[in-house]
Structure formats: structure tokens, C-alpha cells
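Student: I have a structure open and want to go through it with you. Can we start with the spaces in it?

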Number of protein chains: 2
Amino acid sequence: MIRLGIIGYGNLGRGVEMNAAKASDMELVAVFTRRDPATVKLHDASIPVVSVNEVADWTDKIDVMILCGGSATDLPKQTPEYAKLFNVVDSFDTHARIPEHFANVDASASAAGKVAVISCGWDPGMFSLARVYGNAVLPNGKDYTFWGKGVSQGHSDAVRRIAGVKDARQYTIPVDAALEAVRSGKNPELTTRDKHTREVFVVAEEGADKAAIENEIKTMPNYFDEYNTTVHFISEEEMKANHSSLAHGGFVFRTGTTGWENENQHVIEYSLKLDSNPEFTTSVLLAVARAAYKMNQRGEKGCRTILDIAPADLSQYSREELRAHML
Amino acid sequence: MIRLGIIGYGNLGRGVEMNAAKASDMELVAVFTRRDPATVKLHDASIPVVSVNEVADWTDKIDVMILCGGSATDLPKQTPEYAKLFNVVDSFDTHARIPEHFANVDASASAAGKVAVISCGWDPGMFSLARVYGNAVLPNGKDYTFWGKGVSQGHSDAVRRIAGVKDARQYTIPVDAALEAVRSGKNPELTTRDKHTREVFVVAEEGADKAAIENEIKTMPNYFDEYNTTVHFISEEEMKANHSSLAHGGFVFRTGTTGWENENQHVIEYSLKLDSNPEFTTSVLLAVARAAYKMNQRGEKGCRTILDIAPADLSQYSREELRAHML
């Protein structure tokens with residue numbers, strides 16, 4: 001059994017607990033928290049909740065620590081810190097800062113002889129794999145990534161910061177016509193506006209100027225101004241009843257040609273339809289934790305991403321079983 | 001530049017020549033043949049065609065040899081033989097015999113200090129990856145693989161062996177309703193008949209009993225008896241004009257659930273639409289040749305499959321570039 005720990009018990013931490021309980025080759029040993037441990041209630045009350053200040057006492061009891069904090073402020077500090085003590089896995093998803101995060105984590109993990117795998121989930125993660133495989137096998141081609149339908153936390157937060165907005169939820173929705181054009185092999189040139197629409201549900205403060213709010217949303221630079229955006233004002237009850245889904249998904253395409261005259265067209269499509277974004281993300285984290293454990297057992301150390309991991313290492317099956325039944 | 005050789009110049013060999021000519025980091029150094037080299041005409045006449053009997057003279061001039069023979073009789077002999085001299089890549093696709101082939105090739109390659117990668121293409125190959133990743137991240141679920149629309153060589157050959165049949169082409173076609181049921185997350189139980197139909201185009205000998213041929217096709221054990229099969233009799237001209245396409249493709253699904261009560265459903269779909277089956281297969285072979293070269297440069301040896309290869313090793317980009325731009 002691979003012994004797992006969790007640091008941080010939010011949506012991701014809960015997903016790790018659930019997935020670990022169902023995994024045949026892993027067990028959750030402890031959950032570490034910055035809160036008062038007495039206030040954190042796990043689904044399985046028999047698993048200890050421990051103050052993160054005591055984490056160094058657990059180095060012999062945990063094979064892989066899964067870091068379930070946020071990318072904005074938690075992981076840039078936590079992953080390099082805990083890679084000094086444990087093999088670690090995180091879901092750092094600020095794409096632009098990955099090279100810097102990688103360098104920091106690599107320094108810690110290499111010095112400590114641990115394996116750290118960063119940026120695991122579905123994007124970055126499974127979608128990154130689809131992009132890299134697609135580019136490797138179709139070097140002459142184009143990439144398309146579509147996200148949704150699903151809630152964007154960043155865009156929802158941006159709307160919540162507008163004066164007069166009490167609550168908001170923003171859905172990113174891929175445009176069907178764009179998906180179909182790509183799928184048909186037309187290699188279209190698509191603008192930001194062509195690929196996705198944005199739909200916003202807003203609970204306004206009493207007496208707020210709804211027209212002003214709608215205008216501020218639709219013209220917000222970077223977040224909304226380059227998109228066709230629809231805004232709906234709803235009640236708090238409606239928000240609670242209809243907009244608590246954690247569903248998400250998306251599509252990665254690589255389209256390209258082969259042939260002396262580029263006469264042959266090929267379309268590779270990878271898609272995800274997920275009822276629960278955090279539960280699927282933690283499913284990926286667990287498979288990666290298994291790989292991190294195997295790699296460290298073989299003597300590897302340092303920072304890795306899912307692009308550095310042989311698929312067989314993610315699997316619950318042996319290489320012999322994979323060759324016999326899945327190849 | 002990675003220096004490639006080819007053994008066998010049929011559809012696959014031609015695809016390797018074309019793809020290698022377009023690759024920025026590879027060059028085709030020579031083509032080896034069992035035929036009289038003077039009778040083999042390459043697209044690029046400046047590349048030498050050499051008798052396979054002289055292949056041992058080229059060990060210092062070729063980094064990776066791509067074996068383009070057939071799985072029935074060529075590769076079981078050739079891959080273990082040439083893995084004694086070169087890093088090799090093959091597209092061995094007889095799923096049931098992969099463990100035996102792996103063992104034979106591993107013995108040769110390990111002893112010689114070479115890397116040999118077997119069973120690369122799209123199935124086995126890219127579809128195997130989709131199955132293994134899908135199972136790793138959704139352990140509680142079901143697998144579905146659909147092939148087509150495309151010509152099955154084995155089924156076409158089986159029809160050609162029937163008395164009175166001059167030529168035949170058999171298309172494997174996935175059933176749309178089955179695809180949709182899987183895609184919607186219904187986790188259907190599908191029989192062989194539910195998943196694919198078979199469509200056969202036959203050129204009959206003059207005076208042949210067409211009703212008898214049609215009956216023999218539709219009742220042929222293993223090949224057709226478990227499928228809904230349509231048979232069309234056509235002229236030789238029509239066969240040549242309309243049935244020379246090398247298009248193929250297919251779909252791999254992993255559907256499964258997470259949640260304490262399995263309340264969350266997830267659907268992963270990977271699909272390929274290929275205008276040219278052999279050209280796409282050789283695109284995969286070239287990416288794998290790149291990985292074989294990198295792995296051998298790092299001191300690895302022995303037999304591998306695409307399941308043992310870190311995605312970054314298949315890529316034309318450095319790991320730094322991949323992290324910065326594709327992760």
C-alpha cells in the first residue's frame with residue numbers, strides 16, 4: 001500500500017480522501033491542516049487530522065504527500081517546502097508561472113532525494129498530454145483547446161468584485177460551430193470570440209444599478225471584453241438551487257496533414273465531460289502519486305511534470321499486465 | 001540530426017520516407033530491402049537503396065532502424081534480429097502475441113545495449129495510451145474501443161479467399177447509436193453486434209454464384225457471423241475508382257464514476273479521423289524513433305512499448321519548452 005498524506009482539506013482534499021478510500025493500492029494516513037485540527041471533520045473519522053506544524057514527525061509514515069492548496073499563494077510556498085520532507089504532488093495551474101515554480105521545487109526535491117510532480121490535473125495535466133502527443137505525432141498542424149461548459153472561478157471572482165454584486169457564477173461555454181469546424185478538419189483561424197461564449201449569473205445587492213453592473217461585466221478588459229457575454233440577474237435562492245454544480249470539461253484537438261503535397265488530413269480529438277471538476281482532478285493526482293512513489297523507489301529525484309512520466313507508472317497494473325491486456 | 005534507416009519499402013516504408021523528409025530533427029540515411037535494390041525506386045532518388053544482406057555495415061551510420069515489415073511473418077523474426085545491431089522501432093500489431101514478441105526482442109536488445117520499441121502505431125499505440133491513461137485516472141469504470149470507418153485488411157483477405165471472389169474490400173463501421181450511448185455516460189453493455197457493422201464490396205468472377213458468396217461471407221465464423229453485414233457486388237472499375245482510400249480511425253472511451261455514492265459520472269473520449277492509415281502510423285513510428293534515440297543516449301537498453309515512454313521523449317521540443325508552452 002502506498003501511504004498518502006494530504007495538506008489542506010478543501011474541495012481537493014475531500015476528493016483525495018474519497019478517491020484514496022476506493023483505491024486498491026493506496027491508503028490515506030493523515031490529513032494536515034493550518035486550522036485547529038479539532039474543527040476539521042473528515043468523511044472517515046478514523047483518519048487523524050494533524051496540525052501542519054507537526055508534519056515533520058510523519059516523514060517515515062507517509063510515502064507521498066498530496067498538496068491540496070491553491071495556486072495563487074499556497075503552492076508557490078508549500079511545494080518547495082514540503083518537497084524537502086516528502087515525495088509530493090501538486091495541481092499548480094498558473095500556466096505562466098510554471099517554469100519558476102518548477103525551478104523552485106526542483107531545487108528542494110533534488111537536494112532531499114525526493115520526487116515532486118507539479119501541475120497535475122486536467123489542464124494542466126491530461127490536456128497537456130493531449131497537446132504534447134498531438135504535436136509529436138502530427139508536427140505539421142494546429143492546436144485547439146476549448147474549455148467548458150463549466151464554471152470559471154477566476155471570472156466568477158472578477159464579477160463578485162464589482163460594486164453592487166452580492167454573488168456571481170460565470171460559465172465558459174465552447175461555441176458549437178467552432179468545435180464542428182475544427183472537428184471537420186477545416187483548420188479554421190479562430191479568434192477568442194469565435195471559440196467561447198461567457199454566461200454570467202448575478203445576485204445583485206438590493207437597489208443596485210443592474211444596467212451598470214451588466215455594462216461593467218461586458219466591458220471588463222481581459223476577462224470579458226473579447227467575448228460575447230450574456231448576463232442574467234437571479235435571486236439568491238436560484239443561485240443556490242441551480243448553480244452549485246462542479247461540472248466542467250473541454251476539448252483538445254490537434255489537426256494536421258501528412259503527404260508530399262500535404263494531401264492527407266488527420267484530426268485527433270481528446271475530450272472530457274466531468275460531473276465533478278475537483279473529484280476528477282484528484283483522480284489524476286492519485287494516479288500521479290502512484291507514479292511519484294514508483295519513480296522514487298527506483299532512485300529518481302527532482303521535479304517532474306506529467307510529461308516526464310511513463311504512462312505505465314501511473315497505472316495500477318504491472319507492465320506485464322498492461323502489455324498483455326491494454327496495449 | 002537523428003539518422004534513420006528503413007527495412008522494407010511498402011506503404012509504411014513510403015510513409016517513413018515522407019515523414020522523415022519533413023522532420024526538422026531526422027534524416028533518412030538508407031532503405032534496406034530483400035528485393036534487388038535496383039528495382040526499388042524511392043521518392044527521393046538520392047537516398048541509397050541497399051540489400052538487407054549488407055545491413056551490418058551500417059551500424060555506425062544509423063541511429064534508429066524503423067522496421068516496416070508485416071506482423072504475421074516479418075517482424076517476429078526481424079525485430080529480435082535487428083535489435084542486435086540497431087535501436088529499432090516496429091509496428092507489431094498482433095495483440096495476442098505481444099508478450100512473446102516483447103520477450104524475444106528484449107533478450108536481443110538488452111544483450112546488445114540497444115533500445116527496441118515494439119507495437120507502435122495507433123492501435124496498438126495511441127489507442128493503448130488512451131486506454132492506460134483512462135484506466136489510471138478513472139479506476140472505477142468501463143472501456144470502449146470502436147474502430148472505423150476504415151478498411152480491415154484481415155477481413156478483406158478472408159473474403160478474397162472465398163471461391164468465386166476476384167477482389168474484395170471490407171469496411172468496419174462503428175454504430176452511431178452505440179457511440180452516442182457511450183458518449184452520454186450511460187455505460188451501456190454492448191455486444192459485438194451492437195458496436196460495429198461490416199460492409200463488403202466484392203468483385204465476383206464471371207459466372208460465380210453471388211447468393212452463395214454473400215451467404216458464405218455473412219456466416220463466416222469469427223469474421224462476420226456476429227455482425228450485421230452488408231454485401232455489395234461491384235465491377236473491377238468501380239473497385240479501383242471508389243475503394244482505394246487508406247482512411248481509417250476510431251474512438252477510445254473510458255467512462256466511470258467518482259464520489260462516495262458513485263454519484264459523479266465522467267466521460268473521457270479519444271478519437272482519430274485519419275485520411276491515411278499508413279502515413280499516420282509512420283508519424284507515430286517517427287516520434288517513437290526520436291524517443292528511442294534519446295533513451296539510448298541516456299544509457300537505456302532493452303525492449304519498450306509506448307507505455308514505457310515519457311511523453312516528453314516523443315516530442316521535438318525540449319522539456320523546458322514543453323513546460324513553458326504546452327503544459
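Tutor: Asp93(A), Asp123(A), Val151(A), Gln153(A) and Asn277(A) lie nearest the centre of the second largest pocket, which has a lining of 46 residues. A pocket here is an open set of points on a 1 Å grid over the protein atoms alone, with protein on both sides within 12 Å along at least five of seven lines; lining residues have an atom within 4 Å of a point. This is a predicted model: local features need pLDDT of at least 70, side-chain atom pairs count only at pLDDT 80 or more, and totals for chains, interfaces and linings use all residues. Residues are numbered from 1 along each chain as its sequence is written, chains are lettered from A and ligands numbered from 1 in the order in which they are written, and side-chain values use heavy atoms, with hydrogens and water left out.

Student: How much space lies in the second largest pocket?

Tutor: About 1,700 Å³. A volume is the space filled by probe spheres set on the points, and grid points are joined across faces, edges and corners.

Student: Which element gives the largest share of its lining?

Tutor: H5(A), with five residues. Elements of chain A that supply at least two residues each include helix H1 (11-22), helix H5 (153-160) and helix H10 (277-297). Helices (H or I, at least four residues) and strands (E, at least two) are DSSP runs, numbered from the N terminus.

Student: How does the lining of that pocket divide by class?

Tutor: It has 14 nonpolar, 23 polar and nine charged residues. Ala, Val, Leu, Ile, Met, Phe, Trp, Tyr, Cys and Pro count as nonpolar, Asp, Glu, Lys and Arg as charged, and the others, Gly among them, as polar.

Student: What lines the largest cavity?

Tutor: Residues of both chains, among them Met126(A), Leu129(A), Tyr133(A), Met126(B), Leu129(B) and Tyr133(B). Two or more lining residues come from each of helix H4 (126-137) and strand E13 (264-274) of chain A, and helix H4 (126-137) of chain B. H4(A) gives the largest share, five residues. By class, the lining has eleven nonpolar, one polar and no charged residues.

Student: And what lines the second largest cavity?

Tutor: Tyr270(A) is in its lining, along with chain B residues including Val252(B), Phe253(B), Arg254(B) and Glu269(B). In chain B, H4, strand E12 (248-258) and strand E13 (264-274) each supply at least two residues. The classes are seven nonpolar, one polar and two charged.

Student: Backbone next. Which peptide bonds are cis?

Tutor: One is from Asp123(A) to Pro124(A), with omega near 5°. Pro124(A) sits in the loop between strand E6 (115-117) and H4 of chain A. Another is from Gly148(B) to Lys149(B), with omega near 0°. Lys149(B) is in the loop between strand E7 (141-147) and strand E8 (150-151) of chain B.

Student: What about phi at Asn187(A)?

Tutor: Positive, about 50°, although Asn187(A) is not a glycine. Most residues other than glycine have a negative phi. Asn187(A) lies in the loop between helix H6 (176-183) and helix H7 (192-195) of chain A.

Student: Is Asn187(A) buried, partly exposed or exposed?

Tutor: Partly exposed, at 25% relative accessibility. Buried means under 20% relative accessible area, exposed over 50%, and partly exposed in between (1.4 Å probe, protein chains only).

Notes. 1 Å grid on protein atoms, 1.4 Å probe; cavity = no way out; pocket = protein on both sides within 12 Å on 5 of 7 lines; lining within 4 Å.
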